[in-house]
Amino acid sequence: MPLYRKRRRMELTAAALLATSLFFSNLFTALSILDPVDFLALQSIRKSLDDMPGSNFFEAWDFTADPCGFPGVFCAGDRVQALALGDPRAGSPGLMGRLDPAIGRLSALSELSLVPGRVTGSIPDTIASLTNLRFLALSKNFLSGSVPDSIGSLSNLHTLDLSFNQLTGTIPQSIANLPSLANLVLCHNQLSGSIPQFPESSPLLRLDLKHNQITSQVPNLPSTLQYLSLSSNQLTGQVDSILVKLNRLNFLDLAMNQLEGPIPPSLFTYPLKSLQLQRNLFDGTLRPENEVQIPLVDLSFNRLWGPISPLLASVSQLYLNNNRFTGEVPARLVQELMGSGRMQVLYLQHNFLTGIEISPASSVSLPTGASLCLQFNCMVPPVGTPCPLKAGTQKTRPADQCPDWRG
């Protein structure tokens, strides 16, 4: 063999050996960046999940590279600190599969989230090993089984969102006892039993349990609450003594339960953006203490009675229909609706109202976008306006239901 060919072959062999050495050196370096336990945990998580058709979240999860560069993986030093599974962009189909118990080995994890998709199975109990976890959001999937009681050991947990799944069973008391929990969102599941008792020291700001199958009375709740939604359950009992302590609320929705008793006047002074108490058994009169500044007030389908307060005239959307209100409609309410006031919706149908404290306004048309319904009261509606289909077609109550009305 000529000398130059022999030398050329030796050079190629040396180059190949060098390239191979560099490859394994780079691979070792990449793998050595991340803690080996975290590396193996990510591999297990990847094997139990997959992209739904149209999603490519895992396309870049190539374990020959540094996992800290993977989409959704955020590291601090050689540990995984946050894990966001799935493409968060709107319209992403999400992931399918199951959450592997190996997720509990990521012991430095402080944030864990899963985008909406079709992930099934139960929530791994091993999550309780994530003692640094502050944020846990696994909403809008098909997770089933119970809410693990072991989550109550995560003393640093600030936010727990398991909403829009298929979870059953009761809400563990241990979760309500978490000392740092500010946001608890378990809505749109199939949870039953009672609302757990929160300690007075709880820093809870948001409690959202709507659309479940909870059957208890409402317990005393932390005065720190700003958002409370318990609608579409089977709650019973009175809440007036509970609500008077929640003067920081900016959103309240207790609709579609079986709650009863009076509505405390102080509730109308809270910094609420929305007050929804419709479809319950609330009774008594409405006596706001001052001008009500809440944009949306829905008290429809209850058993409220007595006159309607003119202090409700600044409400933008006011639903008082299907109650037992009597007397005349305060002039201020109609003036705010007919003029340039704040009111846009005024529903008073299906009460026992006897008139309006202004001259008939049949020639006056409603401003664009405004809605008024007065039918099925103890009066002939002075303004002909379209009403919701559910209001029926009968304009006036039968006279025998209006003994004080002279027609």
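Reader: How do strand β22 and strand β24 pair, and over how many bridges?

Author: Strand β22 (residues 303-306) and strand β24 (residues 324-329) are paired in the parallel sense, with 2 bridges between them, where two strands pair if DSSP finds at least two bridges between them. Within that pairing, Gly306 has Phe325 of β24 as its bridge partner. The strands here, like the helices, are DSSP runs numbered from the N terminus (E over at least two residues for strands, H or I over at least four for helices).

Reader: And what kind of model is this, before I go further?

Author: This is a predicted model, in which local features need pLDDT of at least 70 and side-chain atom pairs count only at pLDDT 80 or more, while totals for chains, interfaces and linings use all residues. Residues are numbered from 1 along each chain as its sequence is written, and side-chain values use heavy atoms, with hydrogens and water left out.

Reader: What is the average pLDDT, then, and where is it below 50?

Author: The protein averages a pLDDT of 90, and 89% of the residues score at least 70; pLDDT is the predictor's confidence in each residue, from 0 to 100. Over residues 17-32 the value is below 50, and beyond near neighbours in sequence this stretch has 8 contacts in the model, a contact being heavy atoms within 4.5 Å.

Reader: Back to β24, what other strand does it pair with?

Author: β24 also pairs with β26, in the parallel sense and over 4 bridges, and there Gly327 has Leu353 of β26 as its bridge partner.

Reader: Which sheet do these strands belong to, and which ones stand at its edges?

Author: They belong to an open sheet of 6 strands in the order β16-β18-β20-β22-β24-β26, with parallel pairing. The edges are β16 (236-238) and β26 (352-356), and each has a single partner strand, so one side of each is left without a neighbour in the sheet. From one strand to the next the twist averages 20°, taken between N-to-C directions of lines fitted to C-alpha atoms, on a scale from 0 to 180 degrees.

Reader: What joins β18 to β20 in there?

Author: Strand β18 (residues 258-261) runs parallel to strand β20 (residues 281-284), and 2 bridges join them; Gly261 stands opposite Phe282 in β20.

Reader: Switching to β8, what are its parallel partners?

Author: Strand β6 (residues 118-121) pairs with strand β8 (residues 142-146) over 2 bridges in the parallel sense, with Thr120 opposite Phe142. β8 is also joined by 3 bridges to strand β10 (residues 166-169), again parallel, and Ser144 stands opposite Gln166 there. β12 in turn pairs over 2 bridges with strand β14 (residues 213-214), in the parallel sense, and the partner of Gly193 in β14 is Ile214.

Reader: Which loop holds Lys140, and what is its phi near?

Author: Lys140 sits in the loop between β7 (135-137) and β8, and its phi is near 55°, a positive value in a residue other than glycine. Most residues other than glycine have a negative phi. Phe301, in the loop between β21 (296-298) and β22, likewise has a positive phi, of about 55°, although it is not a glycine.

Reader: Is Phe301 buried, exposed or partly exposed, and which class is Lys140 in?

Author: Phe301 counts as partly exposed because its relative accessibility is 31%, and Lys140 counts as partly exposed at 44%. Buried means under 20% relative accessible area and exposed over 50%, with partly exposed in between (1.4 Å probe, protein chains only).

Reader: What about Ser110, buried or exposed, and what does it touch?

Author: Ser110, in the loop between β4 (95-98) and β5 (111-114), is buried because its relative accessible area is 17%. Not counting residues up to four places away in sequence, Ser110 touches Gln81, Asn132, Leu133, Arg134 and Phe135.

Reader: And Ser201, where is it and how accessible?

Author: Ser201 lies in the loop between β12 (190-193) and β13 (206-208), and Ser201 counts as exposed because its relative accessibility is 67%.
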